[in-house]
Every structure is written in structure tokens, then in C-alpha cells.
Amino acid sequence: MSAAELAPNPFAQDVPQHLPEPSTLVIFGATGDLASRKLLPAVYNLALGGQLPERFRLLGVALDGDVDAFRAHAEAALREFSRSGLDAHAWSALRDSLDYLAGDFGDERLYAELAKRLDALDRAGGGPTRRLFYLATAPPFFGRIAKGLHAAGLGRRADPPTRLITEKPFGHDLASAIGLNRSLQSAFGEQQIFRIDHYLGKETVQNLLVLRFANGIFEPLWNRRYIDHVQITVAEELGIGHRAGYYDHAGALRDIVQNHMLQVLALVAMEPPVSFTADLIRDEKVKALRAVKPLGAEAIASSVVRGQYGAGWVDGKRVPGYRDEDGVAADSRTETFVALRLEVDNWRWAGTPFYLRTGKRLRAQEAEIALRFRPVPHLPFAGAEAGDVTPNELIVSIQPNEGATLKIVAKLPGPTLSVRPVEMEFQYGTAFLRESPEAYERLLHDALLGNATLFTRADEVESAWRIADPVLAAWATSDAEPETYPAGSDGPPTAAALLAREGRAWRPL
């Protein structure tokens, strides 16, 4: 398939195009939920934007079915989930690039057949292609598939080197994460492994690096001398939906904090890299994660809040409590809310707290990073009725509206010296007059290019688990129940107390 066959996208005309080399993307679990909702729409929208290679094929692998059924499944998925709808001409051009192979992931014959099929597709398509293997399967299959690919000559020894793309969760705890990394690395070199955390594909998260290192007004202030504290929030209105089978064994700490939120913390806290190359950026992120002060028993008791939503009201509708959701045990102690206070114990951040909170069934759907600056040391007009002189804040909004807001204090019009906070706001949609690509589009494109900057490395994963593991271990041996909070609220009251005892408060949801 040629990108020239597709209608031009007017919203991409001013975006530099970097076309990957000829590639074949193999998706294990190609008929599953992740492929249907995210991966197939991402491939389609990359094609629509002219960002796929000149020669590209997508080979789906799942337990049963054939190519016609897979193409029909892909078309239905695109109609339902593509952010740009489904254009008949674009789909016709992409459709012929879809192929399919049925087989059992545990059967070594599947991988031998896959190697033959890939060679045949390359011969028919005009030459060799780079092979990428996306594991859109349950985590227990990751190691098995990686070893099967290696045994078929598609792993560590492949020429040209292949790429293995894996989804979170990267383990269930530190020990399992180390075991998974060793299993993958026995079949593929670390430089071949691309671990996806879709949060790192969001435009605003990526923009943190630009905001810090391309703007001289911010980086000199980005330290303990000028920043009082940092808040990172991922709040959801939704409950667990149909994910009880996964969520009741994971919980909010594993599902959101250990990966998404600690990755964001690392980007906020990291030192400037020597250059913007994948390994140098990831080196600095690892250093930041390793600098997080370990949470001992006393700190866990005083600085970590665990909650679980009860029944309540969300958007005017009565919703059940967590233990009343389908598939959840009546005595489940799984947390749906976590708030914690962390410190990055290094020269830049010593003494500056990082507050993290995430929860389901909260008052609003919102994800943001807020940096609260220290108050000014002296107000020359303090004796006047000046009004609300609040510290400055920089808020980086991840969702629902991607952008950044700088809160400053300004004088109200009129003869008196009265002031109030005002906002200087930037939003992607209004500034660039186009919709941001979805995270999976950016990450898939980077994987096709071989750019690992936004993918997590083995030592990053293990460093994040070293932060989360003591908390999980303490909860596992404790008889304490998660604190119940009503659905549609701000979370457990003790989460507010976590900041209040230090004279601070969460930003309102």
C-alpha cells in the first residue's frame, strides 16, 4: 500500500513527515479488545495521515478465523472506534494490506509458520520489511510468545533486528517484573523491546520536556527554591465497568500509580539530558525514580491513603459501590483510590513534596500536573485591602483538555489596589487548530521508526516497582480496610488531611 493512494489530510500538511522503512506489523491478539479499540484505529489514522511506510502490511494473529473474517472485524472496529470515522477510499487502500494467521500461542508450530508467511509476504510485496511484533495479549503470554519468536529466528538473532512491543502491566510486583524482563531479554535484546505506556504518547505529557527545556523562563525556577510542591492527579468518573476480572487483582496502585503516574513524576523531576536521544532521556528518568525516598512502614502509615468507592451519585445517576459491581467479591479490599506523598531526595528537589492521587468514581474526569510556586517573600502593599494574593501555579492539563495554564496575580481595574488571580492559558486545539493524534498513533509511529524515547526501559520499570512494592506488601499484611468514599465525591477525607496537615490543599476537581 502506498501513502499516495490515500486522500491527503489537510490537518497534517504543516507537520514534518518521517516515513518509516518498509514494515510488517504483526499483532498477536488481533481480534481482542485492545486491537479493536486502539491498535487498528491507530494504524488506520496513520495511513490516513500519510505516516505509514510506502510498503506496509499488518498481519493479525489469533486463535481462529481467516483473513476475510479478520478484515470484516477490522472494518467494524474502525467504524466504531476510529476518531476520524471511516473513509471508504482510505479503508479500501488499507484493507488489502491486512493478512491473518490463526494459531495457538502455545504451539511452536505457529511461529515456524509465521516465519514462512512473513518471508512469503516480503517476496510478494517487493522486498524485505522490518518486522514488529505487538503483544496485544494477556501478560501470561508475553514470555511464551517472545520465546516462540526467538526459536523461529525472529528474535535476538533476526537480521535486520526485529522489534517486540509489549503492553502494560509489566509485572504484578517487583519480582514478577524482574522475571518478565529476564524472559523477554532471553529472546530479544533490550534495544529491541518497546514497552508501551500509552500515557507517554499524550501530547501534553510529551510537551513537559519542551516546556521545561525550550523555555528559559521555567527551567531556572524548576527546583526546590521556587516550587513549594507538585500535585499529579488522575481522576476518573467511571467505575470499573467490565474490568472486574483484571481490576480486582490489580487495584489503583498497580493500574495507574506504578506506571502512568510515576512516569509523569519522572518527567517532571528529571535533570536535563545532554541531548534528546532515547537512552539519554531514559537515563535521567531512571535517576529521578531512583532518587524517590523509599517508603518505610511509618511513611506508609502516614503518607499513603487507600480508598474504595461506595454507592453514590455521578452525573445525576445513582451508581453502585465497588463491592456491588459485577464480578467483585463482597469482601474485596482492592483499592480504587490512592493518594500518597513522595519526596525526590536529590539536590534539585530535596524537601519538595510530590503529591499523587488517582481514583475511580470521583467528582470529575481530569488528569493534570500542577506545580505550586512558593509565595512571594514580601508584599509592599500588604497593608492595603489587596484581595487574593495567591502563589503562582503552572497547571499542565493532560485530559480532558490538553494544554497548560499559568496562574498569576493581576490588579483589578479601578482606583483601588485590588488584585485577584488570572490565567494565561494555552490549549492544543485552539493554538494549532487541529486535533491531537491519539497516544497509540504516536507510539506506533515511533515504534515503526525505531524511536524508543517514549517507551519504558527495563530499569525504569523495576525502579517504579521498587517504589510501589513496599506499599503493596504493607497492605497485604494489614487488617485495615480501604477507607470508603461516596461515588461522585473528591475521595476519602484522609486524602485531604494528607495535605492539610502541612498547610496545603488539593486542587479542586
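Me: What is the order of the strands in the open sheet of nine strands?
Reply: This is a predicted model, and in it the order runs β16-β15-β14-β13-β7-β12-β11-β8-β17, with mixed pairing.

Me: What makes β16 and β17 the edge strands?
Reply: Each of them, β16 (419-427) and β17 (483-486), pairs on one side only. As for the twist, the average is 20° from one strand to the next.

Me: Why do β7 and β13 count as paired?
Reply: Two strands pair if there are at least two bridges between them. Eight bridges join β7 (residues 227-235) to β13 (residues 366-373), so these strands count as a pair. They run antiparallel.

Me: Which strands does helix α8 lie across?
Reply: Helix α8 (residues 244-269) lies across β7, β11 (337-343), β12 (353-359) and β13. Its direction is at about 145° to β12.

Me: What makes R37 a lining residue of the largest pocket?
Reply: A lining residue has an atom within 4 Å of a pocket point. R37 is one of the 45 residues that line this pocket, so it has such an atom. R37 is also among those nearest the centre, along with K38, H198, R243 and Y440. The pocket holds about 2000 Å³ of space.

Me: Which elements give two or more residues to that lining?
Reply: They are α1 (33-48), β7, α8, β14 (393-399) and α12 (439-449).

Me: How many of the lining residues are charged?
Reply: The lining has 15 charged residues, with 19 nonpolar and 11 polar ones.

Definitions and conventions. Residues numbered from 1 in each chain as written. Predicted model: local features only at pLDDT ≥ 70, side-chain atom pairs only at ≥ 80, totals over all residues. Heavy atoms only, no water. Helix = DSSP H or I, 4+ residues; strand = E, 2+ residues; numbered from the N terminus. Axes fitted to C-alpha atoms, helices over the stretch in contact; angles between N-to-C directions. Contact = heavy atoms within 4.5 Å. 1 Å grid on protein atoms, 1.4 Å probe; cavity = no way out; pocket = protein on both sides within 12 Å on 5 of 7 lines; lining within 4 Å. Points joined across faces, edges and corners; volume = space filled by probe spheres on them. Nonpolar A, V, L, I, M, F, W, Y, C, P; charged D, E, K, R; others polar.
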